[in-house]
Amino acid sequence: MKRLLSILIVLLLCFSVFTGCSNVKYKGPLTCVSHVRVDGVTALIDLTEDAQAEIISALNSGEWVDGVTNCGHDYEFTTKNETIRYHSECGTFIDVTNGQAMELSDEDRMSINSLLGATETD
């Protein structure tokens, strides 16, 4: 009985370790935040700490899928360990470092666009 209990505990610990490693956890601060306009001009953007925290929260709470999209980007920034691209028109984050993408809901897209100061004419 003790042996069975020991094996069960070891299996549970192994399972929790493996499942914990599969999720990327994004950490701030966001650095090198840039906006690439349609005319190709790139400008650096200063984001407040609150705006950075909201973007990091969105990155950590969304559903990421493996593979990158064929979607362009008009914003790019780095987290502690990743390079992230964002397309404000379709609301897609592309994690270049980990090769994954996440599409936001319309409501979340509008919220992130507001934080970035994205307009429909960018």
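**The sheet and its helices**

A: In this predicted model, strands S1 and S2 run antiparallel and are joined by three bridges. Within this pair, His35 has Ala43 of S2 opposite to it. The hairpin that S1 and S2 form has five residues between the strands, and Gly40 there adopts a positive phi near 90°.

The loop between S1 and S2 also holds Arg37. With a relative accessible area of 41%, Arg37 is partly exposed, since that class covers values between the 20% limit for buried and the 50% limit for exposed. Arg37 lies 38 residues from Tyr75 in sequence, yet the C-alpha atoms of Arg37 and Tyr75 are 8.8 Å apart in space.

Strand S1, residues 31-36, is also joined to strand S4, residues 75-78, by three bridges, and S1 and S4 run antiparallel. Here Ser34 faces Glu76 of S4 as its opposite residue.

These pairs belong to an open sheet of seven strands, ordered S2-S1-S4-S5-S6-S7-S3, with antiparallel pairing. The edges are taken by strand S2 (42-44) and strand S3 (65-66); each has a single partner strand, and therefore one side of each has no neighbour in the sheet. Helix H3, residues 106-116, packs on the sheet, where H3 touches S4, strand S5 (83-87) and strand S6 (92-95). The direction of H3 makes about 110° with that of S5.

Helix H3 has a helical partner as well. In general, two packed helices are described by the angle between their axes and the distance between the axes. Helix H2, residues 49-61, packs with H3 at an angle of about 150°, and the axes of the two are 10 Å apart. H2 and H3 are therefore roughly antiparallel to each other, because an angle over 145 degrees counts as such. The crossing in which H2 passes H3 is left-handed. On the H2 side, the contact is made by Ala51, Glu54, Ile55 and Ala58; on the H3 side, Ser111, Ile112, Leu115 and Leu116 contribute. Sorted by class, the residues in the contact of H2 with H3 are six nonpolar, one polar and one charged.

How values were computed: Residues numbered from 1 in each chain as written. Predicted model: local features only at pLDDT ≥ 70, side-chain atom pairs only at ≥ 80, totals over all residues. Heavy atoms only, no water. Pairing = 2+ DSSP bridges. Helix = DSSP H or I, 4+ residues; strand = E, 2+ residues; numbered from the N terminus. Contact = heavy atoms within 4.5 Å. Axes fitted to C-alpha atoms, helices over the stretch in contact; angles between N-to-C directions. Parallel < 35°, antiparallel > 145°, perpendicular 65-115°, else oblique. Left-handed = near helix turned anticlockwise from the far one by under 90°. Nonpolar A, V, L, I, M, F, W, Y, C, P; charged D, E, K, R; others polar. Buried < 20%, exposed > 50% of the residue type's maximum accessible area, 1.4 Å probe, protein only.
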